[in-house]
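I opened the two-chain file and kept notes as I went.

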Amino acid sequence: MCYNLRENNNGGEIVLSKELVHEIIATVLKYGGDFAEVFVEKRYTNTFEMKNGDLENASSGNSFGVGIRGFLNTQAVYAYTNDLSRESLLNVAKRVGEALGEIKIKDLTLNLTKKEFENKHIVLLYPEDISKKKKVDIMKRAYHSAKKYSDLIKQVVVRYWEYNQNILVANSEGVFSEDNRVRTRLMISAVAEHNGVMETGFYGPGAGMGFEFFDRIDVEEAGKLAARTATKMVKADPAPAGKLPVVIANEFGGVIFHEAVGHALEATSVAKGASVFAGKLEQKVATECVSAVDDGTIPNAWGSTNIDDEGTPTRRNLLIEKGILKGYMIDKLGGRRMNMEPTGSARRQDYTFAPTSRMTNTFILPGDNYPEEIIANTEYGLYAKRMGGGSVNPATGEFNFAVNEGYLIENGKITKPVRGATLIGKGYEIIQKIDMVGNDVARGQGMCGSISGSIPADVGQPTIRVSEIIVGGRNK
Amino acid sequence: MTYNEFKDKIFKLAKEKGFEAQIYYSKNYEFSLRLANGQMDEYKDANSSSISLKVLKDGKIGSASTTIFDSPERLLEEAITNYEIIDSNEENLFYDGSGEYLEIQSYYGEFEKLSVKEKMEKLNKMFEIASKKENIMMVPMTVYGHQTTEVSMANTLGLDKTYKGDGGYAYLSVVAKDQSPRSGFWYGLAPKPENLDIEKISEMAVKEAVSKIGSKSVKSGKYRVILRSDEFASLISTMLIPMISAENAQKNMSPLKNKLGEKIASEVLKIKDVPYYEGSLSNASFDSEGVPTKEKTIIENGEFKTFLYNLKTAKKEGKESTGNASGRGIAPINLLVESGEKSFDELLKELNNGIIITSLEGLHSGANPISGEFSLGAQGLKVENGEIVSGVEQITISGNFLEMMKKVEQVGNDMWISFGGTITPSVIISEIDIAGNE
């Protein structure tokens with residue numbers, strides 16, 4: 001494949017003039033509040049769906065909208081519109097200011113200077129430059145690979161999703177920055193049937209890249225992974241129920257840290273005191289083998305951006321170091337409440353949501369053990385090879401997540417497949433029970449839902465072992 | 001460009017190129033107030049609109065959408081490029097707008113009439129009721145909001161329908177003091193503010209949290225349970241709705257394929273799809289293809305009566321659409337599990353010994369509508385001799401949804417209306433697998 005290198009696609013795309021942006025900010029402050037922010041978003045999306053190897057749905061979307069936010073101390077008002085006329089935008093700005101009230105800044109001296117930064121996430125092949133047919137060809141390759149994996153595979157659904165998002169963020173502190181985010185993802189669901197029982201397998205690799213993503217991954221292998229899970233699980237017995245040691249494989253296994261710990265380290269819950277980790281900085285919260293980071297700077301990762309959705313540059317935030325709590329993920333409003341600096345963690349699905357603190361790419365750092373060693377050291381337990389999604393209540397730390405592909409470990413060996421396991425526990429308890437950490441870190445891609453919508457996020461980890469965890473399965 | 005100008009232009013251009021065209025225009029208004037520990041956390045006041053276009057030729061469809069109404073040419077072009085890559089042989093159709101449409105009132109405009117101050121007062125009241133209750137240490141989130149949606153659908157076959165609906169909601173989460181914190185959450189929704197009982201919503205959230213104080217896990221085993229109405233609604237939405245889609249059955253993705261006319265559930269269950277249910281915010285007189293909605297029985301005396309169809313899946317089986325097209329898939333308008341006779345308290349006596357499931361977690365990942373298997377985190381209340389004796393935490397419930405539907409012994413009369421229009425009572429289930437800490 002040959003690449004047409006070109007400059008970062010940002011700039012020139014956003015049609016709101018700097019003068020109008022300035023006027024919006026000034027209008028908010030004229031009517032009330034002590035901080036104003038404008039978020040302008042333009043997005044082009046393609047979603048395709050293939051069943052039985054035929055492309056059934058193809059849809060493209062163009063959206064354009066503006067979010068206007070104001071603060072008064074730690075209170076926030078948010079409005080959005082996709083009526084882009086000057087009159088409408090200034091009217092929305094006025095409503096935001098009036099809703100805040102009290103402090104009215106009449107003469108605003110504001111120097112909006114566009115901040116240039118190095119683009120760490122170079123895109124080579126933009127979605128709009130690649131023919132749709134080429135995209136469909138990728139889907140067919142994934143379909144055929146999954147379908148021919150086994151006679152048990154009765155259906156394969158392949159979804160293709162990509163978007164090109166241009167944003168402009170400006171605020172009354174002088175921020176005026178643009179960013180371009182391109183995301184590409186392939187999602188394969190396979191259905192296997194055996195003796196009237198059906199099971200599914202899923203694999204959904206994605207990246208902060210354009211179409212060149214498909215030169216970096218093995219599309220056929222992705223199809224096989226989805227098919228493998230379905231075929232293994234359709235013949236599996238139900239997982240055992242009760243408290244067991246669990247070895248969780250690398251990559252998407254990191255969903256355990258994301259749910260059990262990550263969400264409770266977001267300012268969204270910490271600032272309200274509604275997190276079990278509030279007020280615990282520098283305290284020991286996990287076993288010494290646990291260190292973890294949230295890193296929004298990893299080039300072209302699924303959860304990476306140059307700047308967050310408030311215009312703060314993203315960075316690598318150390319969360320836990322050798323079991324000691326080192327940091328939270330903080331947005332501007334959370335920062336005001338916690339009296340701490342924002343950490344480049346403000347994210348939102350799109351202009352219809354106000355930003356809040358969210359994870360980007362979150363993962364447990366590598367430890368000393370080989371994965372084989374971890375298995376060999378486990379007498380009896382569950383091996384969670386592929387995880388599904390999960391959720392958590394940050395206020396109580398109670399999490400749950402699903403094991404999509406699981407096996408029993410007996411006498412230090414992986415033995416028979418088991419299905420239908422869910423793992424539950426309390427985050428602050430579980431990270432004190434991680435007793436072995438492998439050296440095989442990998443990341444997997446997911447969508448993370450919270451109060452600012454659904455956003456792409458990487459989870460990751462090496463193979464780890466939790467000494468005991470409640471496994472939801474069937475009783476004998 | 002106005003909507004009408006945009007539409008006329010698209011229809012004309014599409015016809016010139018030999019396509020039928022259909023437009024779905026939606027205009028939304030959203031207002032919400034959110035408190036964090038009693039302080040204004042978010043005040044949202046927003047308008048948005050979008051146009052989705054479908055073009056049709058030779059049974060194939062291409063789609064495109066936009067929020068910028070400047071270029072009908074570009075939108076049409078995009079839909080046609082999508083049309084060109086479709087290689088499925090399935091026949092898609094548009095509907096001409098014939099037939100009888102129910103008259104349904106779905107817009108009242110009462111929430112919009114409230115001043116911001118009045119809404120703020122309601123919100124503050126919800127917060128105060130909850131925060132002043134004994135044992136409550138924190139009220140991290142209190143929300144009061146409402147939305148209005150206007151939809152216009154039109155196509156080149158003559159369909160021309162509009163819909164306007166509104167409704168409001170309120171919810172809160174509270175945290176109760178205990179050795180480890182206990183959370184409570186409750187929500188309500190209503191077409192008019194006078195029907196949105198904020199006092200009750202606050203009190204229910206508190207009750208939920210306080211009832212968990214001192215909760216413990218239980219021994220793993222098989223238990224008789226009450227699945228409370230709100231959680232039964234969640235499980236039904238996640239599992240049954242995809243299973244009764246004709247498309248999923250045709251595509252080998254529903255365990256109910258080939259099961260029409262069979263007993264798939266307990267005799268005591270009657271499940272219908274109804275276009276109107278008082279208090280629901282999902283009522284509709286036409287579906288997302290413009291087809292009139294109608295009432296139909298899905299399960300009666302435990303017997304599976306019908307799948308739900310859109311135009312395409314109905315045509316495939318030589319049937320008529322049941323008026324259940326929903327976005328890109330198929331879904332009921334209001335999925336109603338018909339009420340039984342007994343109150344919740346009577347169910348409790350009937351249960352005698354067992355567990356009430358009051359919360360299910362991880363439905364998006366731990367419940368699989370294709371295999372029918374579920375394994376979910378749960379919380380609940382332990383019942384001994386017909387009385388609630390303590391809270392239950394750190395358990396999972398698991399099983400096969402269709403097997404579970406056969407084990408429904410009793411149906412209550414405590415109807416719950418969910419956001420998505422699933423309306424269910426509480427049920428007693430004779431046996432379910434629970435995993436705990438022993």
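**Entry 1: a threonine in chain B**

I began with B:Thr66, which lies in strand S3 (residues 60-66) of chain B. Strands here are DSSP runs of E, at least two residues, and helices are runs of H or I, at least four, numbered from the N terminus. This is a predicted model: local features need pLDDT of at least 70, side-chain atom pairs count only at pLDDT 80 or more, and totals for chains, interfaces and linings use all residues. Residues are numbered from 1 along each chain as its sequence is written, chains are lettered from A and ligands numbered from 1 in the order in which they are written, and side-chain values use heavy atoms, with hydrogens and water left out.

Is B:Thr66 buried or exposed? I noted 8% relative accessibility, so B:Thr66 counts as buried. The cut-offs are under 20% relative accessible area for buried, over 50% for exposed, and partly exposed in between (1.4 Å probe, protein chains only).

I then listed what B:Thr66 touches, leaving out residues up to four places away in sequence: A:Asn62, B:Ser50, B:Ile51 and B:Leu75. Contact means heavy atoms within 4.5 Å. A polar atom of the B:Thr66 side chain also lies 3.0 Å from the backbone nitrogen of B:Ile68.

**Entry 2: the interface of chains A and B**

Next I took the interface totals. In chain A, 77 residues are in contact with 76 residues of chain B. The two chains bury about 6,200 Å² between them, and 48% of it is on carbon and sulfur atoms. Buried area is the accessible area (1.4 Å probe) that two parts lose on being put together, summed over both.

How many salt bridges does the rule find across the interface of chain A and chain B? I noted 11. The rule asks for a side-chain nitrogen of Lys or Arg within 4 Å of a carboxyl oxygen of Asp or Glu. I looked up A:Glu193, which forms a salt bridge with B:Lys257; their closest N and O atoms are 2.9 Å apart.

Strand S2 (residues 54-72) of chain A gives the largest share of the side of chain A that touches chain B, 11 residues. That side divides into 30 nonpolar, 30 polar and 17 charged residues. Ala, Val, Leu, Ile, Met, Phe, Trp, Tyr, Cys and Pro count as nonpolar, Asp, Glu, Lys and Arg as charged, and the others, Gly among them, as polar.

I also found strand pairing between the chains. Strand S3 (residues 75-81) of chain A pairs with strand S2 (residues 39-57) of chain B in the parallel sense over 3 bridges. Two strands pair if DSSP finds at least two bridges between them. Within S2(B), B:Lys44 is the bridge partner of A:Tyr78.

**Entry 3: a sheet in chain A**

I traced an open sheet of 6 strands with mixed pairing, in the order S12-S11-S10-S15-S22-S21 (chain A). Its edge strands are S12 (324-325) and S21 (442-450), each pairing on one side only. Strand S15 (residues 361-364) and strand S22 (residues 453-461) of chain A pair in the parallel sense over 3 bridges. A:Asn361 has A:Asp458 as its bridge partner in S22(A).

**Entry 4: positive phi**

Most residues other than glycine have a negative phi. I looked up two with a positive value. A:Glu282 has phi of about 70°, and sits in the loop between helix H7 (267-270) and strand S10 (292-295) of chain A. A:Glu282 counts as exposed, at 52% relative accessibility. For B:Asn385, phi is near 50°. B:Asn385 is also exposed, with a relative accessible area of 59%.

Note on methods
Polar contact = N/O pair within 3.5 Å; in protein donor to acceptor, adjacent residues only side chain to side chain.
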